[in-house]
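Dear colleague,

I am passing on to you the structure shown below, together with an account of what was found in it. Please read the notes with the structure open beside you.

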Number of protein chains: 2
Amino acid sequence: MPTLVMKFGGTSVATLDRIRRAAKRVGREVANGYDVIVIVSAMAGKTNELVEWVSETSPLFDAREYDAVVSSGENVTAGLMALTLQEMGIPARSWQGWQVPVLTTSAHGAARIVDIPRKNIEEKFAEGMKVAVVAGFQGISPEGRITTLGRGGSDTTAVAFAAAFGAERCDIYTDVDGVYTTDPRICEKARKLDRISFEEMLELASLGAKVLQTRSVELAMRYKVKLRVLSSFEDNDESAGTLVCDEEGIVESRTVSGVAYSRDEAKMTLVSVADRPGIAAAIFGPLADAGVNVDMIVQNVSDHGRTDMTFSCPVDQVARAEHALGEARERGEIGYEELLADTHVAKVSVVGIGMRSHAGVAAQMFKALADEGINIQVITTSEIKISVLIDRKYMELAVQALHDAFELEKVA
Amino acid sequence: MPTLVMKFGGTSVATLDRIRRAAKRVGREVANGYDVIVIVSAMAGKTNELVEWVSETSPLFDAREYDAVVSSGENVTAGLMALTLQEMGIPARSWQGWQVPVLTTSAHGAARIVDIPRKNIEEKFAEGMKVAVVAGFQGISPEGRITTLGRGGSDTTAVAFAAAFGAERCDIYTDVDGVYTTDPRICEKARKLDRISFEEMLELASLGAKVLQTRSVELAMRYKVKLRVLSSFEDNDESAGTLVCDEEGIVESRTVSGVAYSRDEAKMTLVSVADRPGIAAAIFGPLADAGVNVDMIVQNVSDHGRTDMTFSCPVDQVARAEHALGEARERGEIGYEELLADTHVAKVSVVGIGMRSHAGVAAQMFKALADEGINIQVITTSEIKISVLIDRKYMELAVQALHDAFELEKVA
């Protein structure tokens with residue numbers, strides 16, 4: 001039997017009625033001849049509630065207990081989904097992470113899947129079970145403790161099962177009907193993409209387009225899993241949603257596929273640091289140790305042996321960054337005149353695999369922003385992405401201007 | 001180190017604040033030098049919510065999936081309790097049923113504990129852990145599926161752990177401060193008992209005094225576990241609550257210890273059945289097969305080879321009983337003129353180990369009821385209990401009259 005993986009996110013299983021609707025989709029794929037592995041998230045809001053309880057109980061919580069608590073929401077939906085399928089006459093059973101088992105590392109709260117032995121589930125398929133409903137987001141450590149894969153981890157569970165079972169496709173059902181050229185809420189011309197490459201999806205995910213967990217896209221790329229994102233709130237056929245696939249699968253030829261943005265950025269500037277070898281390590285070492293996710297980095301040209309160092313990080317890590325740098329300064333590892341933090345910035349990025357072979361994308365981007373009078377504060381680029389940090393009040397305007405400039409509303 | 005088992009019911013862990021209060025009690029026992037095994041229920045209301053979801057999803061649910069779903073509430077409180085203890089500086093960790101493991105039968109929804117290997121938890125105690133927080137109510141079947149022990153099952157988990165670990169005592173923290181001579185809500189003279197025998201507690205539990213799960217009392221009796229019921233909402237010292245113990249531990253010498261009642265009774269009468277050998281089996285066999293819990297049985301004296309057969313059962317099983325008897329009649333196994341169901345009855349019972357050696361308790365009981373003009377419809381007796389079925393509207397009056405008659409408000 002060919003195998004299909006279907007993953008339903010929190011909003012798609014938020015009520016018993018929605019679970020029934022999701023189960024009907026599963027039933028259709030069973031009727032199409034598939035053995036189906038269903039991965040479920042917790043009912044929308046449940047995991048947040050559990051996370052809040054843990055944080056309120058113990059601000060610096062033991063991550064093992066955090067995992068034991070927050071993984072429970074998925075167990076509930078897995079059982080309810082199995083029961084719903086059984087009611088429809090479809091042989092199904094639920095599996096918790098440790099029952100499969102989903103073997104992970106011991107990195108509680110952000111564990112990585114190491115292996116998913118097929119034996120237990122395959123035996124049940126051989127006995128006539130048609131659907132294995134697996135609690136997403138969770139696994140078991142070598143020590144026998146429950147682990148979780150980080151927020152959005154059920155996406156990664158789904159892709160890992162698709163890879164382990166050689167599934168024909170991994171369908172991610174969510175509350176949007178696919179991946180868009182940009183966020184439709186801030187740009188009404190946004191257009192759903194039929195296909196997008198793994199590389200582009202990775203950049204979009206890491207840039208804050210919260211459709212898929214980054215790790216799930218990495219896994220799909222590595223194991224060549226055909227990944228589809230589609231809505232659980234609409235009827236959809238074979239071609240619905242957005243297929244995330246290899247570059248070869250992309251028939252459209254465009255330089256830019258999408259415009260992403262992130263509101264939660266802060267720009268920090270160390271004024272007048274010594275411009276000497278090792279200064280970058282002296283600054284960013286302590287930040288890394290403190291768990292600050294530094295994103296963009298810019299170093300001004302040197303002036304009399306002093307320079308300004310600017311970097312961006314998530315806005316909720318500013319206090320942590322200030323603390324880490326202050327301590328490094330006290331230890332005499334770095335010296336600076338002043339530490340400036342600007343929390344009114346946003347990051348806007350254009351992403352596209354076509355950039356690799358098309359020159360002039362950056363120039364076109366900068367011109368589009370200049371035409372709107374938007375000043376660029378920091379720039380970074382990768383092979384398939386150009387990001388700029390700008391004043392947050394221009395963020396929506398920038399997204400719209402770039403969407404227009406690259407004519408993303410048109411099918412290429 | 002001596003070991004103590006402390007069990008906290010749903011109302012005792014209903015909020016984070018109550019979990020903290022419970023944890024403080026645990027902390028005190030750790031300070032007293034105990035290794036503590038804490039058994040927790042789900043937060044009050046959580047299990048009911050899960051049960052409702054399951055029933056709504058699948059009225060004739062797969063009990064294996066029911067167990068997978070409804071066991072999740074205990075996992076949450078176990079983790080939160082462990083975190084709370086850690087915050088207080090007490091080395092603690094949570095254990096889910098399968099992690100201990102709590103080995104049970106495969107009777108999903110009403111599984112029995114078969115064994116609790118001590119190895120895993122003892123290893124952690126040896127490493128310095130002071131508190132093992134165990135999710136109550138759940139275990140693992142030989143097939144590796146999650147099982148539950150039936151409503152109130154966390155009491156049984158607690159007693160089973162106390163037996164397995166040779167605990168000095170098993171303290172059941174609940175929302176009442178002990179076992180009373182009768183329900184204080186309907187008899188204001190009700191008095192808390194300092195001690196009660198296992199046998200009496202068993203009768204009270206099975207008669208509807210919902211303080212402890214019946215099975216937990218049976219287990220405590222068999223393994224001689226010192227069981228104490230006390231309030232988690234009051235400060236209490238060594239002598240607080242009610243100790244459930246061996247008959248030898250009872251110093252009070254009274255014939256009757258308590259008055260119990262049950263509102264949810266129905267009286268059914270088969271009018272004019274043939275009075276022949278095997279008739280009782282022909283009637284009660286089909287009822288047992290249909291899962292009807294027949295309680296009291298009375299057979300009238302025979303009149304011309306016909307008799308009336310009366311029995312009581314829970315009021316919500318009347319329809320099932322009627323159906324089972326109707327079918328037996330159609331199959332020709334029994335014959336009767338009429339089947340009467342009276343759903344306006346209640347059962348009132350007096351319980352006391354002293355009855356064994358004191359005659360006249362029944363006479364005293366019947367006189368007290370007669371003095372109030374209460375008609376007795378059915379009577380049954382055991383060694384330490386006399387129960388009567390009466391019109392439900394006299395139930396409270398009967399309880400008060402019996403409480404007075406046996407002077408239960410006085411310390412013996």
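Which residue is the bridge partner of D171(A) in β11(A)? The partner is R228(A). Please bear in mind throughout that this is a predicted model.

Overall form of chain A

The secondary structure of chain A consists of 12 helices and 18 strands. With a radius of gyration of 23 Å, against the 22 Å that the globule rule gives for 412 residues, chain A is as compact as a globular protein of that length. Its C-alpha trace spans about 75 × 50 × 30 Å along the principal axes. Of the 412 residues of chain A, 50% count as buried. Contacts between residues at least 6 apart in sequence were also examined, and 74% of these in chain A join residues at least 24 apart.

Two domains are assigned in chain A: domain 1 covers 3–175 and domain 2 covers 259–405. Their C-alpha centres lie 37 Å apart.

The eight-stranded sheet

An open sheet of chain A is formed by 8 strands in the order β3-β6-β2-β1-β9-β11-β12-β10, with mixed pairing. At the edges stand β3 (92–95) and β10 (195–197) of chain A; each has a single partner strand, so one side of each is left without a neighbour in the sheet. On average, neighbouring strands of this sheet are turned by 20 degrees against each other, direction ignored.

Strand β9 (residues 169–174) of chain A has 5 of its 6 residues buried, so it is largely enclosed by the rest of the structure. β9(A) pairs with strand β1 (residues 3–8) of chain A in the parallel sense, over 5 bridges. β9(A) also pairs with strand β11 (residues 227–231) of chain A, again in the parallel sense and over 5 bridges. D171(A) takes part in both pairings: M6(A) stands opposite D171(A) in β9(A), and R228(A) is the bridge partner of D171(A) in β11(A).

Elsewhere in the sheet, strand β2 (residues 35–40) of chain A runs parallel to strand β6 (residues 131–135) of chain A, and 5 bridges join them. Within this pairing, A132(A) in β6(A) is the bridge partner of I37(A).

How the two chains are related

In general, two copies of a chain are related by a rotation about an axis and a shift along it.

The contact takes 27 residues from chain B and 27 residues from chain A. On the side of chain B that touches chain A, α2 (46–57), α3 (63–70) and α4 (72–87) of chain B each supply at least two residues. α4(B) gives the most to that side, with 11 residues. Since 100% of the interface residues of chain B are also interface residues in chain A, the copies meet through the same surface.

Individual residues

G136(B) is placed in the loop between β6 (131–135) and β7 (138–140) of chain B. With 31 other C-beta atoms within 10 Å, G136(B) is buried. Leaving aside residues up to four places away in sequence, G136(B) touches several residues, including K7(B), I39(B), E74(B) and G153(B).

Most residues other than glycine have a negative phi, and most peptide bonds are trans. Some exceptions follow.

- F137(A), in the loop between β6 and β7 (138–140) of chain A, has a positive phi near 80 degrees; F137(A) counts as buried, with 30 C-beta neighbours inside 10 Å.
- S272(B), in strand β13 (residues 258–274) of chain B, has a positive phi near 60 degrees; with 17 C-beta neighbours inside 10 Å, S272(B) counts as partly exposed.
- The peptide bond from V100(A) to P101(A) is cis, with omega near -10 degrees; P101(A) lies in the loop between β3 and β4 (103–104) of chain A.
- The peptide bond from V100(B) to P101(B) is also cis, with omega near -5 degrees.

With kind regards

Definitions and conventions. Residues numbered from 1 in each chain as written. Chains lettered and ligands numbered in written order. Predicted model: local features only at pLDDT ≥ 70, side-chain atom pairs only at ≥ 80, totals over all residues. Helix = DSSP H or I, 4+ residues; strand = E, 2+ residues; numbered from the N terminus. Rg over C-alpha atoms; globule rule 2.2 N^0.38 Å. Buried ≥ 20, exposed ≤ 12 C-beta atoms within 10 Å, placed from the backbone. Contact = placed C-beta atoms within 7 Å. Pairing = 2+ DSSP bridges. Axes fitted to C-alpha atoms, helices over the stretch in contact; angles between N-to-C directions. Domains from an automatic or database assignment.
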